[in-house]
Amino acid sequence: MSDQLKHECGIVLIRLRKPLEYYQEKYGTWRYGLNKLYLLMEKQHNRGQDGAGVVSLKIDQPSGKKYLSRERSNKSNPIQDVFQHIYSHFEYDDDHHPDLFSNPAWAKENLPFVGELYLGHLRYGTFGNSSIDYVHPVMRENNWRSRNLVLAGNFNLTNVDEIFNALIELGQHPKDYTDTVSMLENMGHFLDEENQMLFRQFKNEKYSNREISSLIEQNLDVRKILERSSKRWDGGYVIGGLIGHGDAFVARDPWGIRPASYYYDDEIVVVASERPVIQTALNVRAVEVKELKPGHALIIKKNGEVSEQMVSVPQTRKSCSFERIYFSRGSDKTIYCERKELGRLLAPKIMELIDGNLKDTVFSYIPNTAETAFYGMMEGIRSALTNWKIEQVKALCPNPDPKKLDEILSLEPRVEKIAIKDVKMRTFITADSSRDDLVAHVYDVTYGIVRNNVDTLVIIDDSIVRGTTLKKSILRILDRLHPKRIIVISSAPQIRYPDCYGIDMARMGDFCAFLAAIELLKDTGREDIIDSVYEQCLAQRNLPKEEIVNYVKEIYRPFTDEQISAKIAEMLKPEGIHAEVDILYQSVENLHKACPNDLGDWYFTGDYPTPGGNKVVNTAFINFVEGKKGRAY
């Protein structure tokens, strides 16, 4: 993606189902779980580079011994930083007491991060503070093990205000106004209530306080706690959690907006944000890794019992299509095939745009994530070419001229690697006054391939959100090749609306499609539509989120997709370049054909799966008109 977006976070939960001695004997190390955690987090590093954190929990650690350990980092390489700190705890004993160090029982009792439960998190800060306090996992501590709560999640809530006010009404005094703290305290409240209910029950049955603590741990109803806690949550989420005595869970939102997969056998339980990382880390087949169902939680009890239970009523599945287009690793078989299909479905429209002239067209892609869609696009182009060849051969007489026949059959699409991404330059860019000049050199090009003022250059990207890099860098450097025409293809549809479930797309003014529609309204003398939508948004500002309507759709209604694309091309074409510029976007219809099981398309259509989405777009439009840069949720 040429536009760099921060997006969904990543989680990993590991539960070892055997004693540590088992792993020492079978795998030669009691660090089996910790090593797998590192591998699973590294394999998901694409999901978060603003911070990383790990919590380890020791089950049945003796009183007076620490049983929860946490390490977090917001440095430039947070995963490596976290694990360097974790493994630094082992260095002295590994060197000076190797016999003791290799004893799992001694290691568990005396060293941090030696346990049966691990929860890891990778953070992308969509907005908000990059302080270490905002890095997951977050903890709510208590002197009773069954009241300790650790959470890490891939989520954004649209109604933090409601949850925050509900906590105030309970008499709490939350330390921060964020969805993370609100979710932690909200769930912590129901965890406390469940503990208190069980305490009263066992107290009435004449058990001693010490006996009651053990009985609470055995009988804690995690499903009920999650069911009661999540009733107010409006948003997309996958939440992983540990309870101090050893219960663990991962819960997914009812629409399945955020992804989660799991695998378990008699040795280990693993939950991660993406399926292929589990396949790689544990060397298991795709069919053995299951998707956590929307509205369900995978609950792992202290005794190792595993169950998938419904905690909220599943809704119409609206899993995020951007996961399929861009965010998730392309090593997943279905995602790979879907990305190819997104490219293939664009081929007929591309052939129409170039008027079938393959002889004077060069095809390429913007590295690196658009490469898979490029393969699919070329399959579609070659398929169209094959059909053309068949028709041309049929049109020849029974004894065709060999030279003419050879000319037809030898025609192939011209495929070249045109754009080259300079990764080192990318990491050097800063947010100062020199940024624009640096951005202009993020990519380089292969010279001498395109024929001056003759060839059309078709280049595919996986999405075009803001268009900033296109305007300031890519189009300028492509023009140095002197093509007659540049056609930029987006394998995703036009992004028209803010996301409020995890992606860093929250301001209307960041979307080139929205700005194009606004300019078209002005060009055609229909500014009154902007004013009308603004008044309608203001009128429903204080309504409950369930009653708010997305009137922002009216901004786009007067225009076709092609008109908006043409305006985007006009707006993004830099001054001084000579090539004609066209932009072609994927259609929403084709998106759903390519990704039939992941129909979350609110950023393209404005059809939000939760009521809070309409509230967010309402606020985002008001902010745009009033010139406010703040967050819309």
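Q: Contact here means heavy atoms within 4.5 Å. Leaving aside neighbours within four places in sequence, which residues is Y603 in contact with?
A: In this predicted model, Y603 meets that cut-off with C320, S321, F322, Q494, I495, R496, Y497, D499, I503 and M505, once neighbours within four places in sequence are left aside. Y603 is also among the residues with the most contacts inside the largest nonpolar core, along with F322, V552, I555, I568 and F621.

Q: How many residues does that largest nonpolar core have, and which helix gives the most to it?
A: The core has 75 residues. Helix α19 (residues 512–523) gives the most, with eight residues. There's also a second, separate core of 35 residues, which includes L37, M41, I86 and I278.

Q: What makes α19 and α22 roughly perpendicular?
A: The axes of α19 and helix α22 (residues 561–572) cross at roughly 100° and come within 9 Å. Angles of 65 to 115 degrees count as roughly perpendicular, so the pair α19 and α22 gets that label. On the α19 side, the residues that meet α22 are C512, A513, L515, A516, E519, L520 and D523; their partners in α22 are Q563, I564, K567, I568 and M571.

Q: Why is helix α2 described as largely enclosed by the rest of the structure?
A: Because eight of the 11 residues of α2 (residues 32–42) are buried. Those eight are Y32, G33, L34, K36, L37, L40, M41 and E42. Two of them, L37 and M41, also turn up in the second core.

Q: What makes T361 buried or exposed?
A: Buried means under 20% relative accessible area, and T361 has 1%, so T361 is buried. T361 is found in strand β14 (residues 361–365). A polar atom of the T361 side chain lies 2.6 Å from the backbone oxygen of N357. Beyond four places in sequence, T361 is in contact with I354, R414, D455, T456 and V458.

Q: How do you know whether N195 is buried or exposed?
A: N195 has a relative accessible area of 1%, and anything under 20% counts as buried, so N195 is buried. N195 sits in helix α7 (residues 179–204). The N195 side chain has a polar atom 2.9 Å from the backbone oxygen of L191. R147, 48 residues away along the chain, has its C-alpha 7.2 Å from that of N195. N195 touches R147 too, along with S146, I216 and L220, not counting residues up to four places away.

Q: Why is V588 called partly exposed?
A: The relative accessible area of V588 is 25%. V588 is in helix α23 (residues 588–594) and touches P493, D601, F604 and T605, residues up to four places away in sequence not counted.

Q: How do you know whether C500 is in a bond with the closest cysteine sulfur?
A: A disulfide needs sulfur atoms within 2.5 Å, and the closest cysteine sulfur to that of C500, in C320, is 11 Å away, so that's too far for a bond. C500 is buried, at 0% relative accessible area. The structure holds zero disulfides. C337 is likewise in none, with the nearest cysteine sulfur, that of C595, 11 Å away. At 42% relative accessibility, C337 counts as partly exposed.

Note on methods:
Residues are numbered from 1 along each chain as its sequence is written. This is a predicted model: local features need pLDDT of at least 70, side-chain atom pairs count only at pLDDT 80 or more; totals for chains, interfaces and linings use all residues. Side-chain values use heavy atoms; hydrogens and water are left out. Buried means under 20% relative accessible area, exposed over 50%, partly exposed in between (1.4 Å probe, protein chains only). Helices (H or I, at least four residues) and strands (E, at least two) are DSSP runs, numbered from the N terminus. A polar contact is a pair of N or O atoms within 3.5 Å; within protein, one must be able to donate a hydrogen and the other to accept it, and residues adjacent in sequence count only if both atoms are side-chain atoms. A nonpolar core is a set of buried Ala, Val, Leu, Ile, Met, Phe, Trp, Tyr and Cys residues joined through side-chain atoms within 4.5 Å. Axes are lines fitted to C-alpha atoms, for helices over the stretch in contact, and angles run from 0 to 180 degrees between N-to-C directions. Angles under 35 degrees count as roughly parallel, over 145 as roughly antiparallel, 65 to 115 as roughly perpendicular and the rest as oblique.
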